[in-house]
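Subject: Structure for your review

Dear colleague,

Please find the structure below, followed by a summary of what was found in it.

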Amino acid sequence: MGHFRENLAQARPSYDLCVIDTPPSMGLRNLAALVSATHVLSPIYLEDYSLKSAMSLLQTVIGVQQRYHRPDLKFLGLLPSKFNSKSPRQRAHLEQLLREAGKYVFPGHLTDRDGYAEAVAEQVPVWRLKKRSAQEAGREIRGVFERVQHALAA
């Protein structure tokens, strides 16, 4: 973890913002990212297993704040991702998440769109693709980025 923080500190003059995308399971890499971060935004799928793990993530963030003396670590929220608005189950899970953890839910959501997968496959930002799905995804993700930027400035 010390090397990770040192490497970030060395790179800091070259960047305004560093986004660390980690896998969903908690391990040493995730812990190093949490210890090094100033802000945390956690994508969450609207499935039973994800909803149950949301509280565990919140407890982990609080644990990092306390154990590593990081009261400045700010939790921006849970970002509902890969949301299928046509799925009654996912709509119910979103309602449940908002009801039970509303103050921890980041405003907005990311819809399950082919454009995101295509952008990853082509290794380009989604807003550079020409398909309608990608253009919608681009507007959606840029809206999330704007809200993140606003939260960082606050």
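This is a predicted model: local features need pLDDT of at least 70, side-chain atom pairs count only at pLDDT 80 or more; totals for chains, interfaces and linings use all residues.

How many salt bridges does the structure hold? The structure holds six salt bridges, each being a side-chain nitrogen of Lys or Arg within 4 Å of a carboxyl oxygen of Asp or Glu.

Residues are numbered from 1 along each chain as its sequence is written, and side-chain values use heavy atoms, with hydrogens and water left out.

The predictor's confidence in each residue, pLDDT, runs from 0 to 100. Its mean over the chain is 88, and 99% of the residues reach 70 or more. Confidence is lowest in helix α3 (residues 48-67), with a mean of 83, and highest in strand β2 (residues 74-81), at 92. Helices (H or I, at least four residues) and strands (E, at least two) are DSSP runs, numbered from the N terminus.

Among the salt bridges, E47 pairs with R89, the closest N and O atoms being 2.9 Å apart. This pair links distant parts of the chain, since E47 sits in the loop between β1 and α3 and R89 in helix α4, 42 residues apart. E47 counts as buried, at 18% relative accessibility, whereas R89, at 43%, counts as partly exposed; buried means under 20% relative accessible area, exposed over 50%, and partly exposed in between (1.4 Å probe, protein chains only).

A network of salt bridges links R113, R132, E136 and E140. Within it, E136 meets R113 at 2.9 Å, N to O. E136 lies in helix α6 and R113 in the loop between α4 and α5 (114-122), so this pair ties together parts 23 residues apart in sequence. E136 also meets R132 at 2.9 Å, N to O; these two are four residues apart in helix α6, which means a separation of about one helical turn. R132 is exposed, with a relative accessible area of 67%.

A colleague
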